[in-house]
Amino acid sequence: MIALLPDRVWTGTVDGEGWVVRVDGDVIHSVGPRAQGEPIRALPGQMIVPGLVNAHSHAFQRAFRGHVQWTDRADDDFWAWRARMYEVADALDPDGVFAVSRLAFLEMIEGGVTTVGEFHYVHHQRGGLAYPDPDLLARQVVAAARDVGLRICLLRVAYARGAPGVPLSRAQLRFGDTSPDDAMRAVERLGDLAGAHARLGLAPHSTRAVPFDWLTQYAAFDGPIHVHVAEQPRDVAGSVAEHGCGPIEVLRRAGLLDPRLCAVHLTWPSDGDADLVRDAGASVCVCPGTELDLGDGFLPLPLRDGVRLCVGTDSHARIDVWEEARALELHGRGLAGRRIVLGRPGERHGVATRILTAATLEGDRALGGRGAGLEPGAPADFVVLDLDRPAAAGVPPLEAAALVADPSWVDSVWVGGVEVVTNGRHPRRAAIVRDAVPWLCR
Ligand SMILES: [Zn+2]
């Protein structure tokens, strides 16, 4: 048994001072006041919170950070960015996928992330020929996460077409499936990876890239289902032209709108989408950093009201889940022209609690976990946050974690009862960066 005594603990449901976090093997034994004479490891000036969950990642996109944030095109937009992203995807072989993914995962875990949802769509060789092991690249991504000690939910993407009536482009051939069964069979084959460090989910890429008769077949899937939804106005226009309704309604008709569903983005919802998603108990994964970088827009206010929200760093223009979660509230305030969006007036710590819940428990739920936080029997995944710093002086701990903290505040990160990051550093940081550099854009 390991017993840690920080100044403060937020378990995901309650917070307290002077509580001991007891770890028994890979799970939480209990959280509560120190027993008389109980041997503990004191963590003065520090706070323990559940591990952050980065619910939407394309790890390979870390390769072009800083190279696509500028352009000489006056009309640069999401679609121009996508064309450049396809070039990067085309240049990576299995070693590159491993090295760049591992770099992204290193940055995540050093920033307090203990689980990533990897929306994985680069499946095949250049030109579209399957690798001898058709799941090779998925395995490379899972191996990269395991190598740094990060838990992963591999969301195996199904990708059928460029758009309604448009075949895959040459650059999209690496993503393509030929039948709806391809993704289901891949998930079954990858089942040998499932265990303590890896879960599996299914990700019909979008209603643009996946036809309706494929979506209906995925309704039988027993696990998390993630879909890119209404990221751009063109996504909605294409859906209306093909189906007569927006993407959320298409997913509902296909039998996918329920608590398994995580709708990623939803920056351009159709009328009624907020009610549909809220009533179905589905979640929305918001990626504010990427959505601003790409000019996608903001999650509209109705979707910030009572809808289950989680966050992701998506294209990894930056990897800071603290900031992404905070944006749920702050961008909401900017849109509303008033203060307090996620919380309720008069509710003490309401805003901070909802921000932290989006960054932790809701992400875990969206990836098929229990979203229990630091409950007895739950995985011992948590972050030790250093509050002994000028920026935290005088700030209530929950508000410090939710409204001020960034990755540099992370002291240690524990995954399954193992301290993976110590003093803010992963022990193999230098080698992981060195191995990735040759694959990064320059
Ligand atoms: Zn995405």
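I number residues from 1 along each chain as its sequence is written. The model is predicted, so I take local features only at pLDDT of at least 70 and side-chain atom pairs at pLDDT 80 or more, while totals for chains, interfaces and linings use all residues.

**Helix α6**

I looked up α6, residues 233-243. Helices here are DSSP runs (H or I, at least four residues), numbered from the N terminus. Asp 235, Val 236 and Ser 239 are buried (20 or more other C-beta atoms within 10 Å of the residue's own, C-beta atoms being placed from the backbone). Seen down the axis, the buried residues of α6 fall within an arc of 95°, so they line one face. That arc is taken from the directions from the helix axis to the C-beta atoms. Ala 237 and Ala 241, on the other side, are exposed (12 or fewer such atoms). The cover over the buried residues includes α7 (247-253). Just after α6, I find Gly 244 with a positive phi of about 80°.

**Helices α2 and α14**

Next I checked α2 (residues 94-110) against α14 (residues 429-436). Their axes come within 8 Å and cross at roughly 140°. Axes are lines fitted to C-alpha atoms over the stretch in contact, with angles from 0 to 180 degrees between N-to-C directions.

Which residues of α2 meet α14? I list Ala 99, Val 100, Arg 102, Leu 103 and Leu 106. Their partners in α14 are Arg 429, Ile 432, Val 433, Asp 435 and Ala 436. Contact means C-beta atoms, placed from the backbone, within 7 Å.

Conventions:
Helix = DSSP H or I, 4+ residues; strand = E, 2+ residues; numbered from the N terminus. Contact = placed C-beta atoms within 7 Å.
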